[in-house]
Amino acid sequence: MDRRQAEEFVRQFHHEQPDAGDVERRVREVLAEIDRTGTYEHSPAELAFGARVAWRNAARCIGRLYWRSLVVRDLRSVTSPDDVAEQCVEHLRLAGNGGRIRPVVSVFAPDRPGRPGPRIVNDQLVRYAGHRTSEGRWIGDPRGGALTERARALGWKREEEAFQVLPLMVRERPAAPPEWYELPDDSVTEVPLRHPDHAWFAELGLRWYTVPAISDMVLEIGGVRYPAAPFNGWYMGTEIGARNLADTERYDLLPVVADRLGLDRSSERTLWRDRALVELNVAVLHSFQEAGVTMADHHTESERFLRHIARERRHGRATPADWSWIVPPLSGSATPVFHRYYDPVDPSLRPAFLPGEPARG
């Protein structure tokens, strides 16, 4: 445990939460606990603050305006795979909220000296399977291919489908074999995709899940590492329409949509990809709106991000941002986030959500 990181966090917490009490007393308590045990325990208020600031510090996230609204579930007593899986299911239900998506983080047991915390193998709580056929063709999402192989090796067997939800895989500790769990139907809400002007679009049988919960990152607060801390916001339409369904290494649907639109694909100069991409994104936004599920469009979210920067500046705080992630993958130069520079990304900035260690075995 880095004593300096612990003290810096405690002082930051008390600086931003002036009613939190005597900072010097709390610093002494924390440092004494570290000397005695090798680590320390955050108070519930410190945990909630740290998780929210980790979202505020997430340089790749355009949706940080609402970082204060993050619902923090304190599940630090939960360690067994069965209980972690059960609480992840509850996370999806709580975040789904009948379509009014809530930003939620569920913080499970931290790593302690000699007692590592649980790990979630999946990169998202919900992810579609990817099956490669003997001819080299993909059924489903190639992004889920490696997870699909791991799940099959553990005994999971299902018919190969295009939008097949993978089981959740949880380790009790880093070296332990994963346990796998089917996600109940009522915990995974999906939206069938339709187009407002083209009835044939529904015939494609496309759909997507509503809660994008990242689950393979480590939440680090004041030197304490929480290796299982799944968190979610809500989708921006282009994440689905311009990446998940359109990228050539994902569902690669632009040729399919272009052909149904009757576009000329004989040359790139016809801009068939661009025209198909716009209609695919129209379908995603339309479908989520019709289903009553929270989703932002990239123009509105860009405006919100600039409001976030202005608000943070008023508090005297920088807003680190990775331009390549902040600028939307559709009509980037038509959004206000395109035409500016940002505060540089500081890899040492804490609290933070950090990449987890690669899963093995």
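Colleague: Which conventions apply to the model before any feature is read?

Modeller: This is a predicted model, in which local features need pLDDT of at least 70 and side-chain atom pairs count only at pLDDT 80 or more, while totals for chains, interfaces and linings use all residues. Residues are numbered from 1 along each chain as its sequence is written, and side-chain values use heavy atoms, with hydrogens and water left out.

Colleague: How are two packed helices described?

Modeller: The description of two packed helices rests on the angle between their axes and the distance between the axes. Helices (H or I, at least four residues) and strands (E, at least two) are DSSP runs numbered from the N terminus, and axes are lines fitted to C-alpha atoms, for helices over the stretch in contact, with angles from 0 to 180 degrees between N-to-C directions. Here the axes of α1 (residues 3-16) and α2 (residues 23-37) come within 10 Å and cross at roughly 155°. The two helices are therefore roughly antiparallel to each other, given that angles under 35 degrees count as roughly parallel, over 145 as roughly antiparallel, 65 to 115 as roughly perpendicular and the rest as oblique.

Colleague: What is the handedness of the crossing of α1 and α2, and which residues in α1 meet α2?

Modeller: The crossing is right-handed; a crossing has that hand if the near helix is turned clockwise from the far one by less than a right angle, and is left-handed if anticlockwise. With contact meaning heavy atoms within 4.5 Å, Arg3, Ala6, Glu7, Val10, Arg11 and His14 in α1 meet residues of α2 that include Val23, Val27, Val30 and Ile34.

Colleague: What is the strand order in the open sheet of 4 strands?

Modeller: Two strands pair if DSSP finds at least two bridges between them. In this sheet the order is β1-β2-β13-β10, with mixed pairing. The edge strands are β1 (71-74) and β10 (213-214), each of which pairs on one side only. Between β1 and β2 (residues 104-107), which run parallel, there are 4 bridges, and Val71 has Val104 as its bridge partner in β2. Helix α3 (residues 44-56) packs on this sheet, where it touches β1 and β2, and its direction makes about 135° with that of β1.

Colleague: Which way do the residues of β2 point?

Modeller: Val104 and Ser106 point one way from β2, Val105 and Val107 point the other way, and all are buried; buried means under 20% relative accessible area, exposed over 50%, and partly exposed in between, with a 1.4 Å probe and protein chains only.

Colleague: Which strands stand at the edges of the sheet of 3 strands?

Modeller: That open sheet has the order β3-β6-β7 with antiparallel pairing. Its edges are β3 and β7 (179-181), each with a single partner strand, so one side of each is left without a neighbour in the sheet. The antiparallel pairing of β6 (residues 168-171) with β7 extends over 3 bridges, and Leu168 stands opposite Tyr181 in β7. Helix α4 packs on the sheet and touches β3, β6 and β7, its direction making about 140° with that of β6.

Colleague: Is Gln124 buried or exposed, and what does its side chain join?

Modeller: Gln124, in the loop between β3 (119-120) and β4 (130-132), counts as buried because its relative accessibility is 11%. A polar contact is a pair of N or O atoms within 3.5 Å; within protein, one must be able to donate a hydrogen and the other to accept it, and residues adjacent in sequence count only if both atoms are side-chain atoms. Such a contact, of 2.8 Å, joins the side chains of Gln124 and Tyr209.

Colleague: What of Arg127?

Modeller: Arg127 also has its place in the loop between β3 and β4. At 3% relative accessibility Arg127 counts as buried, and a polar contact of 2.7 Å joins its side chain to that of Asp123.

Colleague: Where does the backbone of Asn97 lie, and what is its phi?

Modeller: Asn97 is in the loop between α4 (81-96) and β2, and its phi is near 50°, a positive value in a residue other than glycine. Asn97 is partly exposed, with a relative accessible area of 29%.
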